[in-house]
Amino acid sequence: STTYDILQRLINKGFVNKAEKTGKCYFFSNDLTAIISSIKDKESIISSLIPEFKKLERDINFNVKTYEGISGQKQFNYSLYNLAKSGNINYFYIIGNVPPYSIGSEAFINNLIKEFMTKKLNKKIEYKAIWNSKFKGHKIVKIFNKIGKNKFLNNIPSKVTTLVYNNYIAFLFFIDKPNIIEINNKLISEELKHYFSYLYGLAKD
């Protein structure tokens with residue numbers, strides 16, 4: 001039975017074929033040229049897929065950082081400012097449902113916007129924001145008008161402010177103290193961009 005098991009495995013792999021005639025089974029090998037050609041075709045397909053697998057692996061990898069308290073917020077702001085200063089931000093989206101000061105102090109926001117405006121002279125930086133309607137007219141929101149467009153929605157079902165910018169997503173919220181979760185991942189950032197675009201289409205000036 002071991003011989004027949006081996007033959008069956010060779011049949012499954014395409015090396016051997018089987019025919020039945022007058023109640024007897026005949027086994028014969030397949031054309032080796034066709035077998036080798038088939039193996040090379042599969043090898044070629046696999047080789048062509050390797051770069052895609054590596055790209056997918058890179059996209060799935062992500063880095064998560066958490067910041068707590070006033071010192072944590074300052075650290076996050078410093079990192080965000082440096083990204084802007086080095087020209088590594090070409091879009092900056094906000095979904096704001098908590099007081100705009102959650103993003104940072106007025107001084108920090110003015111400095112950040114100054115960097116955005118400087119970079120706008122050399123390349124396009126897109127700013128868009130969706131704020132809870134109750135923040136319409138807020139001083140910080142008006143400051144952001146310098147670099148782009150603010151729109152408003154009633155009753156945004158969230159208790160966090162979400163920032164989306166160049167492969168980053170940041171969630172800002174307050175539980176006894178400022179808390180920030182920052183995720184660096186292209187795939188998640190692109191998904192949040194689509195979500196933002198949908199909400200932005202619903203928002204009003």
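The model is predicted: local features need pLDDT of at least 70, side-chain atom pairs count only at pLDDT 80 or more, and totals for chains, interfaces and linings use all residues. Residues are numbered from 1 along each chain as its sequence is written, and side-chain values use heavy atoms, with hydrogens and water left out.

**Overall make-up**

- The chain's secondary structure comes to six helices and nine strands. These are DSSP runs numbered from the N terminus, with helices (H or I) of at least four residues and strands (E) of at least two.
- Of the 205 residues in the chain, 36% are buried. Buried means under 20% relative accessible area, exposed means over 50%, and partly exposed lies in between (1.4 Å probe, protein chains only).
- Among contacts in the chain with a separation of 6 or more, 64% join residues 24 or more positions apart. A contact means heavy atoms within 4.5 Å.

**Aromatic pairs**

- The structure holds nine aromatic pairs. Rings of Phe, Tyr and Trp (its six-membered ring) pair if their centres lie within 6.5 Å; planes under 30 degrees apart count as stacked, over 60 as edge-to-face and the rest as tilted.
- One of the pairs is Tyr 127 with Phe 144: the ring centres are 5.2 Å apart and the planes are at 5°, so the pair is stacked.
- Tyr 127 lies in strand S5 (residues 126-132) and Phe 144 in helix H5 (residues 139-144), so their pair ties together parts that are 17 residues apart in sequence.
- Tyr 127 and Phe 144 are both buried.
- Tyr 165 and Tyr 168 form another stacked pair, at 5.3 Å centre to centre and 10° between the planes. Tyr 165 is buried, and Tyr 168 is buried too.

**A ring cluster and two lysines**

- Tyr 91, Tyr 93, Phe 196 and Tyr 200 are linked into a cluster by ring pairs.
- Lys 151 has its charged end over the ring of Tyr 200, 4.5 Å from the ring's centre. A charge sits over a ring if NZ of Lys or CZ of Arg is within 6 Å of the ring centre and within 35 degrees of the ring normal.
- Lys 193 lies over the face of Tyr 91, at 4.2 Å from the ring centre.

**Two buried strand residues**

- Phe 92 is in strand S4 (residues 91-96). Its relative accessible area is 0%, so Phe 92 is buried.
- Leaving aside neighbours within four places in sequence, the contacts of Phe 92 include Leu 80, Leu 112, Phe 116, Tyr 127, Phe 144 and Tyr 165.
- Phe 92 and Tyr 168 are 76 residues apart in sequence, yet 9.7 Å apart in space, C-alpha to C-alpha.
- Leu 153 lies in strand S6 (residues 149-153). Leu 153 counts as buried, at 17% relative accessibility.
- Beyond neighbours within four places in sequence, Leu 153 is in contact with residues including Ile 130, Trp 131, Leu 199 and Leu 202.

**A buried glutamate**

- Glu 115 is part of helix H4 (residues 106-120). Its relative accessibility is 11%, so Glu 115 counts as buried.
- The side chains of Glu 115 and Tyr 81 are joined by a polar contact of 3.2 Å. A polar contact is a pair of N or O atoms within 3.5 Å; within protein, one must be able to donate a hydrogen and the other to accept it, and residues adjacent in sequence count only if both atoms are side-chain atoms.
- Not counting residues up to four places away in sequence, Glu 115 touches Tyr 81, Ala 84 and Lys 85.

**The S7–S8 loop**

- Asn 166 sits in the loop between strand S7 (161-165) and strand S8 (168-174). Asn 166 has a positive phi of about 35° although it is not a glycine.
- Asn 166 is buried, with a relative accessible area of 17%.
- Asn 167 lies in the loop between S7 and S8. Its phi is positive, about 70°, although Asn 167 is not a glycine.
- Asn 167 is partly exposed, with a relative accessible area of 30%.
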